[in-house]
Amino acid sequence: MRRAAIERLLPAAYQRAAGPGSVLAALLDVMEALHAPDEALLADVDVLFDPYRTPAGFAGYLTRWVAMDHVLGPPRPDVPPPLPVGRLRDLVAHGALLARWRGTPYGMRTALELATGVTGFVLDEPADRPFHLVVRVPEAAAGLLTVVTRIVAAEKPAAVTAEVVLADAPPAGGRPADADGGPVPYGPAVGRATVPAPGPLPPPGPSPEEPS
C-alpha cells in the first residue's frame, strides 16, 4: 500500500500532521516499505498454485492437494524428495486425471509413468490367483521400486492384492537392491491384463432409480 493511500485512511488531524519531515511522515514511509513484499506476493499469488510455476519447495506440498503425497512418503526434513521436482510438477498437473481413473489399470499405469518418467509397465493378472495383480517394472525404473510400490498400493483396488517385480532377468553380478536395500524380486507372471486407453465417459445425468 502506497504512503499516500495510507495517509488518506487517517483522520483529518493526522493527515495535516503528516507533512514532509514530520515523525508521522517517516512512520508512513516505513509502513509502505513493510507492505511492499506482501503486496508483491499477493499480486502473483496464482503462481503458488500453478504446478509448473510454483517454487520448487512448494511443489511437494501441492501433491497433498491432489492426494498424491503418498508418492513422497512420510515427510522428513533430513531426506531429499525421492523424485525430481519436475516429476512432482507432472503429478500435480495430472492430479484430477489420476483421481478420475484411480483403481483402474489405466490410472495405475499413468501414475507410474508420470512419477518415474519410464514407460513399459505391465500389469499381469495370474490365472491361478484371482484378485491378485503383478506389476512388472522396466529395468530403467529399478532404482525407484520404493516409489513404485507406494503408487501401486495407493492406486490398486482395495480388494486386490499386488506385488511388484522387475520385468527383465537379473543382470550378471546378482540382483539389484531397491531404495531400501532389499532384494528385488524377479519372475514371470501368468496371464496378461488388457489395459485399454480410456474412452469418452458418458454424459452426466441422473442415475436410474432402483425398483422398490
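**Entry 1: the sheet.** In what order do the three strands of the open sheet lie? I found the order β1-β2-β3, with mixed pairing. My ground rules: this is a predicted model, where local features need pLDDT of at least 70, side-chain atom pairs count only at pLDDT 80 or more, and totals for chains, interfaces and linings use all residues. Residues are numbered from 1 along each chain as its sequence is written, and side-chain values use heavy atoms, with hydrogens and water left out.

For names, I took helices (H or I, at least four residues) and strands (E, at least two) as DSSP runs, numbered from the N terminus. Two strands pair if DSSP finds at least two bridges between them. β1 (122-124) and β3 (161-166) stand at the edges with a single partner strand each, so one side of each has no neighbour in the sheet. Neighbouring strands here are turned by 25° against each other on average, direction ignored. I took axes as lines fitted to C-alpha atoms, for helices over the stretch in contact, with angles from 0 to 180 degrees between N-to-C directions.

I then followed β1 to β2 (residues 132-137): three bridges join them, and they run antiparallel. L123 has V135 of β2 as its bridge partner.

**Entry 2: the helix across the sheet.** Which strands does helix α8 lie across? Helix α8 (residues 145-155) lies across β2 and β3, and runs at about 155° to β3. I listed its buried residues (buried is under 20% relative accessible area, exposed over 50%, partly exposed in between, with a 1.4 Å probe and protein chains only): L145, T146, V147, V148, I151, V152 and E155. They pack against α6 (95-100), α7, β2 and β3.

**Entry 3: α5 and α7.** The axes of helix α5 (residues 85-93) and helix α7 (residues 105-116) come within 7 Å and cross at roughly 150°. That makes α5 roughly antiparallel to α7 (under 35 degrees is roughly parallel, over 145 roughly antiparallel, 65 to 115 roughly perpendicular and the rest oblique). For contact I used heavy atoms within 4.5 Å. R87, D90 and L91 of α5 meet A111, L114, A115 and T116 of α7. I sorted the residues of this contact into four nonpolar, one polar and two charged. The classes are Ala, Val, Leu, Ile, Met, Phe, Trp, Tyr, Cys and Pro as nonpolar, Asp, Glu, Lys and Arg as charged, and the others, Gly among them, as polar.

Leaving aside neighbours within four places in sequence, D90 touches Y52 and L114. On α7 I also checked T110, which is buried at 13% relative accessibility. With the neighbours within four places in sequence set aside, T110 is in contact with L97 and L98.

**Entry 4: H35.** Beyond its neighbours within four places in sequence, H35 contacts M1 and I6. H35 and R3 are 32 residues apart in sequence and 9.9 Å apart in space, C-alpha to C-alpha.

**Entry 5: confidence.** pLDDT is the predictor's confidence in each residue, from 0 to 100. The chain has a mean pLDDT of 78, and 79% of its residues reach 70 or more. Over residues 169-198 the pLDDT is below 50, and this stretch has 52 contacts in the model beyond near neighbours in sequence. Residues 207-212 also stay under 50, and there I noted zero contacts beyond four places in sequence.
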